[in-house]
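Hi,

Here is the structure I promised to pass on. Have a look, and my notes follow below.

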Amino acid sequence: MALNSDRVNAALAGVTDPELRAPLTELDMVGDISITDEELSVEILLTIVGCPAAERIEQDTRSALEAVLEGRRLNLTLGVMTPDQRATLVARLREGKPSTNPFTPDSLTRVIAVTSGKGGVGKSSLTVNLAAAVSQAGFRVGIIDADVFGFSIPGLLGIDAVQPTRIDDMMLPPIAHDIKVLSVGMFIGSDQAVAWRGPLLHRTLEQFLTDSYFGDLDFLFLDLPPGTGDIAISVGQLLPHAEILVVTTPQPSASDVAWRSGDVARQTGQTVLGVIENMSSTTGPNGETLNFFGEGGGQIVASKLGVPLLGSVPLSTHLRQAGDNGTPLVLSHPDDPVAVIMAKLSQAIIRGGVSKAGKGLPLSLKPR
């Protein structure tokens with residue numbers, strides 16, 4: 001079969017933009033195509049100048065086109081979309097709507113908000129591992145780090161120096177371990193502290209929801225700050241259908257306040273999916289049981305809220321080390337006993353909540 005533009009476009013249909021997760025042909029990123037007996041010339045239009053995915057796109061495009069060259073030279077050039085082309089792309093991704101929160105009660109995305117009564121209970125470590133385990137199970141997953149004052153998600157996922165790509169007024173969350181991630185930590189220096197009041201906190205979370213493009217997600221995890229402050233109330237207003245996971249440690253001082261975060265969520269119309277007890281008893285080197293933080297706190301919180309205790313996660317140096325290394329334990333050491341527990345907890349999350357079965361799908365498929 002002679003080489004023509006249809007065959008070239010068919011080859012390029014297998015090349016995906018790693019940030020938008022859609023073929024170049026569907027994103028109108030294929031420019032001029034010229035074919036002679038000696039040369040194939042193709043222009044690829046990047047979304048912005050300095051596109052961080054440019055090298056990956058160029059490599060994948062070359063590989064795809066080399067399969068159809070039939071002895072020709074390949075002249076591949078990278079250009080940039082015009083402002084009008086970019087505006088058309090943004091409008092298509094947003095389905096022609098202005099900047100709005102796509103995670104409404106009618107959305108097919110399940111929103112899982114991870115909260116706690118006090119800090120230091122390992123909430124963020126649980127969030128990244130649960131999200132990674134759900135992603136490993138084949139679901140499309142995103143994380144919003146809503147802990148504005150104590151953001152740690154980028155570091156736990158190894159992307160603390162990465163910023164979102166901007167296409168006009170749209171942010172593309174960076175991807176780490178196949179999870180789309182957005183955090184205040186991506187916009188300020190690691191040596192800066194955040195000192196914001198309630199209205200600015202609310203606006204920040206609102207912008208994360210409305211000005212970013214996560215694409216079609218099955219699960220969106222939110223890592224909330226501890227307690228029942230402004231962000232917790234804003235989540236109740238902006239995401240009233242969110243399902244709440246309450247994290248506590250076994251000790252009384254943590255369990256005595258942990259239930260309050262779940263109670264406030266209910267007051268704003270959200271549902272409490274269950275309780276996870278973190279830093280529970282572990283086994284010492286001589287086989288003895290070590291209860292550094294006591295025992296029973298998780299069940300106390302679950303009973304007070306009238307929800308199930310989904311599981312207990314032992315105190316683990318491996319979990320801490322994995323976080324320091326920027327790779328969730330469920331990915332770096334899936335056979336670790338704590339990673340196995342995390343995987344089981346992720347299945348409880350997947351099976352729990354209100355089923356989306358039977359809810360109508362959109363008429364047109366959007367990029368992942």
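How much space lies in the second largest cavity? About 30 Å³, where volume is the space filled by probe spheres set on grid points joined across faces, edges and corners. A cavity here is a set of points on a 1 Å grid over the protein atoms alone where a 1.4 Å probe fits but cannot get out, and lining residues have an atom within 4 Å of a point.

Before the rest: this is a predicted model, with local features needing pLDDT of at least 70 and side-chain atom pairs counting only at pLDDT 80 or more, while totals for chains, interfaces and linings use all residues. Residues are numbered from 1 along each chain as its sequence is written, and side-chain values use heavy atoms, with hydrogens and water left out.

Back to that second largest cavity: its lining includes Ser125, Asn129, Leu319 and Pro328. Helix 4 (123-136) and helix 10 (317-325) are the elements that give two or more residues to it; helices are DSSP runs (H or I, at least four residues), numbered from the N terminus.

The whole structure has two cavities of 30 Å³ or more. The largest holds about 60 Å³, and Thr115, Ile244, Ser261 and Gln270 are among the residues lining it. Helix 8 gives the largest share of that lining, three residues.

Helix 8 (residues 252-267) also meets helix 9 (residues 297-305): their axes (lines fitted to C-alpha atoms over the stretch in contact, with angles from 0 to 180 degrees between N-to-C directions) come within 9 Å and cross at roughly 30°. The two are therefore roughly parallel (angles under 35 degrees).

Cheers

Terms used
Angles under 35 degrees count as roughly parallel, over 145 as roughly antiparallel, 65 to 115 as roughly perpendicular and the rest as oblique. On a 1 Å grid over the protein atoms alone, a cavity is a set of points where a 1.4 Å probe fits but cannot get out, and a pocket is an open set with protein on both sides within 12 Å along at least five of seven lines; lining residues have an atom within 4 Å of a point.
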